[in-house]
Amino acid sequence: MIRLVPALFACVIALAACQPAAPTIGADGKPLPRAYKITAREASQIQFRMLDSVNALRNAAGLTSVELNSNLNAAAATHSRDMQVQNRPWHFGSDGSSPLDRVQRVGYTGELVGEVISETYETELETLGAWMAQPDTKRILMAPDARDMGFSWYQEDNGKIWWTLVLGKPATSTFNAAS
């Protein structure tokens, strides 16, 4: 009997190892999404990869480049986290705030051009591709008057990512020379 317990335990372990691998193709024949886990190293590069990619698209269309803006980054980060808390991708905050409210709260003095959001397991560049494939989000990304960009995300433990990109137009300073 004493010898039987270790033998049964070994059999259970061996059978557990024979478990089939998780499928990579869904019932519809399409590949299942894989979670993109953002590492600490990647986290420091994501905003710049997105900025470079957005600017490459804008430049190819003959548009002016945008620059990262710390205030807009803060507004994007706040909204990404808030969408996760609400568990829904939409443009209104849990406190009823709009994108305009959020950029004003963080001290952005320019005009809001637009906000694009996503709930996904995809990389930032795959998400940008999906945004560019939709006319309404593409229109925001390619807005001719945009000069400032904020971009951030919140990733859940399960890999789901809540992306937010905000574009703005800086306030024009009116300088009156003393006469």
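Reply: With a relative accessibility of 0%, I46 counts as buried (buried is under 20% relative accessible area, exposed over 50% and partly exposed in between, with a 1.4 Å probe and protein chains only). Before we go further, a word on the source: this is a predicted model, in which local features need pLDDT of at least 70 and side-chain atom pairs count only at pLDDT 80 or more, while totals for chains, interfaces and linings use all residues. Residues are numbered from 1 along each chain as its sequence is written, and side-chain values use heavy atoms, with hydrogens and water left out.

I46 belongs to helix 2, which spans residues 40–60 (helices, H or I with at least four residues, and strands, E with at least two, are DSSP runs numbered from the N terminus). Setting aside residues up to four places away in sequence, I46 touches Y36, I38, E124, F151, W153 and W163 (a contact means heavy atoms within 4.5 Å). L125 sits 79 residues from I46 along the chain, yet their C-alpha atoms are separated by 9.1 Å.

The whole structure holds four aromatic pairs (rings of Phe, Tyr and Trp, the last by its six-membered ring, pair if their centres lie within 6.5 Å; planes under 30 degrees apart are stacked, over 60 edge-to-face and the rest tilted). One of them joins W90 and F92, with ring centres 5.4 Å apart and planes at 65°, so this pair is edge-to-face. W90 is partly exposed at 30% relative accessible area, and F92 is partly exposed as well, at 40%.

F151 lies in strand 3 and W163 in strand 4 (residues 161–169), so the pair ties together parts twelve residues apart in sequence. F151 is buried at 0% relative accessibility, and W163 is likewise buried at 0%.

Let's follow strand 3, residues 148–155, to Q155. Q155 has 17% relative accessibility and therefore counts as buried. Beyond its neighbours within four places in sequence, Q155 is in contact with Y36, K37, I38, K160 and I161. Y36 and I38 are also among the residues that I46 touches. A polar atom of the Q155 side chain lies 2.9 Å from the backbone nitrogen of I38, and the Q155 side chain also reaches the backbone oxygen of G159 at 2.9 Å (a polar contact is a pair of N or O atoms within 3.5 Å; within protein, one must be able to donate a hydrogen and the other to accept it, and residues adjacent in sequence count only if both atoms are side-chain atoms).

R81 is 74 residues from Q155 in sequence, with 8.5 Å between their C-alpha atoms. R81 also lies over the face of Y154, 4.5 Å from the ring centre (a charge sits over a ring if NZ of Lys or CZ of Arg is within 6 Å of the ring centre and within 35 degrees of the ring normal).

Stepping back, the chain has six helices and four strands, in the order α-α-β-α-α-β-α-α-β-β. Of its 179 residues, 36% count as buried. Among contacts between residues at least 6 apart in sequence, 66% join residues at least 24 apart.
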